[in-house]
Amino acid sequence: MTVAAASPAPPRRTADTVRRVLGEALRLTRPVEARISPDGRHVATAAATPHGARLVLTPAAASPDGAPHGPGPGAPAAERHTPRWLPDSRTLLHVAEPPGGGPARLDALDTGDGTVRTLAQLPGAVEELHVCDDGREALALCAADGAERDGMHLGLPVRLGPAPAPERFAPGLGARTLHHVDLADGRRTEVSPPGLTVWNAAWRGGTLAVATVGEDPLPGGYYEARLARLDLAARTATTLYTPAGQLAAPSLSPDLRTAAVVEGISIVSGRPVTVDLATGAVGRPAGTEDATWLHHAADGTLWYAGWDTHGSRVGHAGPEPRVLWRDTVTLGGPAFQPALSLSADGRLAATVLDAPGRAPETVLAPTSGPDAWQWRPVTALNPEPGPGLAALTTEETRWHAPDGTEVHGLLMYAGPRAAGPRPLALLVHGGPAWLWSAGYAPGDVLGLAPALAAAGHLVLLANPRGSSGRGLDHARAVVGDVGGGDLDDLLAGVRHLTAAGLADPDRTAVLGHSYGGHAAALLAGRTDAFRAAVVVSAPTDWLSFTHTSNIGGGYDRAYALGDPTTPAGREALLARSAVLAAGGRGTPTLLLHGEADRVTPVGQAHELYRSLVRAGRAPAELYVYPGEGHEFTDPDHLLDAAARAADWLDTHLGGPAPDPAHPAAPTPPPRAAPEDPVPPAPGAAARLGAALPPRYVARRLAGTAVLLLVLSAAVFALLQLAPGDPARTLLGARGATPEALAEVRARHHLDQPVLVQYGHWLGDLLRLDLGTSIRTGESVASALGDRALLTCQLVGLGFATALLLGLPLGVLAAFRERRPTDRAVQGLGVVTLSTPAFASGLALIYVCALMLGWFPAYGAGEGGLDRLRHLVLPAVTLGLAVMAVLLKLTRAAVVRELARDHVTFARARGVGPRTVLFRYVLRGAAVPVTAGAALVLAYLLAGTVMVETVFALPGLGPLLVDSITFRDLPVVQAVALAVATLVCLANLAADLAQPLLDPRLRTPAPTPKAAR
């Protein structure tokens, strides 16, 4: 082991507990994959034990035949895994790896008598094994000696023997290929298309297979893989589907007509995609998220298993998706993600299950009937779990990020929940498309979660944006924003637990592995929120990562980190790198790394270590473990690394955590906490309701209704306040005979009290009976119809013009404050605001209509595109008149936001200008600009009178002018009321939009307590 710096001898209590509890986890036998026999009578489990991989065979239920036989004493020594039943439900095909290394074998176990026979030698490490439906053939996906593997597979190359010296690197080496095996005579034939690497495959026999394939054999090529139809006889490939993300878990229907695959990002957990193999038609069944396993049943049903927040779920995908079962537990499979094995009739399902307080075992459940999905263990691999693990509590928690995003996580702790504020250990998982699921002993970040909880820490296992379990959109939320919103989520979780009185704000640490280590290093470098950091196997320099990692060129493109071939891309890569993180005063940082890691090469750790030492702001140490890859597998190395992490926390958090069995007296929380310190946040479906509380909406709607009632009374009063007799006014130019006057008074209830008249008028208004025009004799509603539509179209286009000009110019002026650009933009605003609408309209007519002939000079057009052409010049005229108002409002709001502390901090921690603008500045500036935009809309409605007159548009403006001239009072009332209603609705929309833009407005300010 290489040590980059000497460390003092800290107290050992926490380290002793960590070693003891982590030792309990390492002694567990972990079932990796469960397979039920076709007849549903037996279950085969591939189990990882402290001494290697082995097969465990158990009956599905009490059987007179007894338990099936495992390999007998005469079977050659081997690590046995990847079990596959043949249709006879007696023969178990599996992979056997010699203990001293060398090529893998395909062996067949007779579970009736325990005899084993070797069928074929396989040319590499077997990553998938498929058996055809009739049991006569097998298809193995083999990784050649030296093939590179990703972080989910230790980040170490495949080794069938000693590592070559020197090791050769050349294009095309280390491919993954398919090999067909005839089970009758053991004949093996390579059937992969030449030049292609196969990442996953689905096959049911014969010459047809579907697979995810690509040209690049490095794991980075997996990120560019596509779904292809393979002809195994001709060794050709035909592309079926090219994804936007990554693919995994292909499946093939029994009739060979349909293929399915999961599309996600990075460590794939995503949405099913189907392909009709006859037509090539691609389908995307809606309603299914976070699938990790697919299976076509005999009846055509597409089964899936996948993640569900912190737990797992099983269901049917398709036109009518169904969730059959879900729970806060972890199901397991060969890809370390949820998967099932179904009996031939689909009535029984087997899988691996692991949950808080429940050690991992193989379980079985019926898929229908009264006991459907009641999982029953069929193995007893861990009959006596250790006391340290058994004493832990795991619970779900939720909080909200600054932008309102709901974040989920798990809390682990020992002893009573209310044991006062504890030292907090924030553990960040890798991926980021991975998750902390509800398990017995979560293994990411060196398996430290249960160990630190047992030692007295409060452990927060956060699933920030970018994590799996909450849909593909949530997993993709960090694309282009790595180290942005996800870090905000993590910091918000720390503040949440501190405010609740559960975590001690002066004793917080952040620990992470892989991408989580990257996040931990950024948090340690950019903020002062943590007293210690532990960074394990982390990428620290994205620019060098793209050229040295075996997933470089794929991973960085998937997450839009930056293009290393362009100056702007290189700048973006460096800005997101932990080696250049700045903004904090310095956090003591411990780095732990495997010397043989090919995913995040050890140079990544050296870069960060040297940058921290040169900065000199806080202690830093680096430990490099020989022979280890992306994950540590040597138990001694793992225990040593975990103990050093515990020592680091003890040293820099001010000593070991209190004994959870004898907690100290609770310390008052730094801020008042609710009765339930970690209240559950509303679900995702209620997010809009949380953003717009019903009481807030009700108050705004009630206020708008009252205002409209008052305005209607004012409009009604126009008739009463008009000079002369209202009946004579309504008769207009018609003869005012006594009979006509009496008829008008009776029709309009003018012979009744004013309040009664108003009531009748309001009732007619609610029925959209606006009366009759005095001048034309037609109904007012008919007179308003087309004219109102034209005016609304003009106002809408004018408002859009004002927004498209005013907002960007205001932002530009703010970012160039007190510079020539700022002065020029503001000068332009003064000119447009000072120019009368009729002058700018006539100028546009002269230039754009008469001189250039681009647009018509007057009229409204015949509808559709012709209407749009006729409205361009009027809309620009109208928009220019108010553009300066939006420009001034936007500039002032953005200047104010740029001066705020959180924006200064974001710039200091290396956040890119675009992210600062859209995530921090514009969100804060949107509230005053939205309020101002509603007022601008009211001004636009008033300005249409002049613009419609200049451009001879038959809108509400000319109608209002003519009606006033001829004292056509019903039309004047209708137009005034229509304009007032539009203004009220615009202000209501602005009021409702503001809480969506600023979460601080969603709850009322607390009422101050009375002074004593």
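Me: What do buried and exposed mean here?
Reply: Buried means under 20% relative accessible area, exposed over 50%, and partly exposed in between (1.4 Å probe, protein chains only). This is a predicted model, where local features need pLDDT of at least 70, side-chain atom pairs count only at pLDDT 80 or more, and totals for chains, interfaces and linings use all residues. Residues are numbered from 1 along each chain as its sequence is written, and side-chain values use heavy atoms, without hydrogens and water.

Me: Is arginine 313 buried or exposed?
Reply: Arginine 313 is buried, at 8% relative accessible area. Its place is strand S23 (residues 311-317); strands are DSSP runs of E, at least two residues, and helices are runs of H or I, at least four, numbered from the N terminus.

Me: Which side chain does arginine 313 join in a polar contact?
Reply: A polar contact is a pair of N or O atoms within 3.5 Å; within protein, one must be able to donate a hydrogen and the other to accept it, and residues adjacent in sequence count only if both atoms are side-chain atoms. Here the partner is aspartate 308, at 2.6 Å.

Me: How do I read a sheet?
Reply: Strands of a sheet pair through backbone hydrogen bonds, either parallel or antiparallel. Pairing needs at least two DSSP bridges between two strands. Here four strands make an open sheet, ordered S5-S6-S7-S8, with antiparallel pairing.

Me: Which strands stand at the edges?
Reply: S5 (79-85) and S8 (116-121) do; each has a single partner strand, so one side of each lacks a neighbour in the sheet. Five bridges join S5 to S6 (residues 91-97). Histidine 81 stands opposite valine 95 in S6.
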